[in-house]
Amino acid sequence: MANALTENIAHFARALRTAGMPVGPGTVLDAVAAVEAAGIGSREDFYWTLHAVFVTKHEQSVLFRTAFEIFWKKRHLMEKLLSILMPVAPATPGKPDPVSLRLQEAFFKQAESVPVEKPEIEVDASLTVSDVEVLQKKDFAQMTAAEIAAANRTVAALVLPDDAVPTRRLAPDPRGRRIDLRRTLRRSIGEGGGIIDLARRGPKTKHPPLVVLCDISGSMNQYTRVILHFVHALMENRRNVHAFTFGTRLTNITRMLKARDPDEALAACTAAVEDWSGGTRIAPSLAAFNKVWSRRVLSGGAVVLLVTDGLERDGTADLARAADRLHRSCRRLVWLNPLLRFDGFEARAQGIRALLPHVDEFRTIHNVAAVAELVAALDARRTDRAHDPRRWLKAL
């Protein structure tokens, strides 16, 4: 096989590994051997030969297909990338999808690995602020695409506190107060009826369910996408996490967000939700949730995160009634409103005034620091009076 094709396969494998696929040196050798055995026939044969080696899970197919189209679009594309130190991809109409952006970033990192002599430039950075601090405080709506990607990675790395609460069920516990007679007898039979230690049981702990209701109207688009990245990361670590979106209607996106790849999960959500970046009808959406989903997902002392700006177009009487029922069905209702980022914010809108009496906390959600504060506040044993909604009601 020509050395150029072997090097291109190796560069292609490195780009896949940078983009998130588990590709090692052994996989690269297998890919080269597979192409040698199958021969270079049509483009489709070459695609499926590499696909059979690199793709080990179904969710990796979308990432591999997009990478293959970008990398092998033109002849000797990777040599051109290395020569000019920039990713080259044919221009496509419309906004590129997140998978393509991530792959182009991976190709760019491959190009950066080539040593290039650059002139030394001295910069006085004594008065500058670190990039991490700027990213923590910058509004999501003002971030560039690269900053949004960095914010998504930071938010996904946040760890929820251990808020497990005791339940009525019992579980094996060597320090438990109750004797587990069944397990004790089984141990005794296994030991031939001799004297053994008593098996005990104690209260079983369980993380309460977390339900996220995200407003996907036009004014909430930039904030909702970051929140969904956060919810996707939560679903990888916890089981009882449910996500819903609402604009003019309610949509359950829990199953879509369970995809391993975050970009693929958000793409599936965007395709499934018909009212994305449309209008806002909060009252009918909350009423639909109370009627169809509340008994299914709110059992066990659930915590509900309501992400919306509260700008309701319909009547506020129905909104107050739906919010009151939602508040009574869960253990804790936290309202996340990006409008709180403004210093001069006042609860003057009718929708906001209708929701405030029925929530336990009123928080902002406009940057990474606010999401980090929310993660710390989700501890079931913690109370924060600084975000008490009653102080906003007193100002009315």
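Me: How many bridges join E5 to strand E6?

Reply: Happy to start there; this is a predicted model, where local features need pLDDT of at least 70, side-chain atom pairs count only at pLDDT 80 or more, and totals for chains, interfaces and linings use all residues. Residues are numbered from 1 along each chain as its sequence is written. Strands (E, at least two residues) and helices (H or I, at least four) are DSSP runs numbered from the N terminus, and two strands pair if DSSP finds at least two bridges between them. E5 and E6 (residues 250–252) run antiparallel, and the number of bridges joining them is 3.

Me: Which residue in E6 is the bridge partner of threonine 245?

Reply: A hairpin joins E5 to E6 through 3 residues. Across that pairing, the partner of threonine 245 is threonine 251.

Me: How many of the 6 residues of strand E5 are buried?

Reply: Buried means under 20% relative accessible area, with exposed over 50% and partly exposed in between (1.4 Å probe, protein chains only). E5 (residues 241–246) is largely enclosed by the rest of the structure, because its buried residues number 5 of the 6.

Conventions. Side-chain values use heavy atoms; hydrogens and water are left out.
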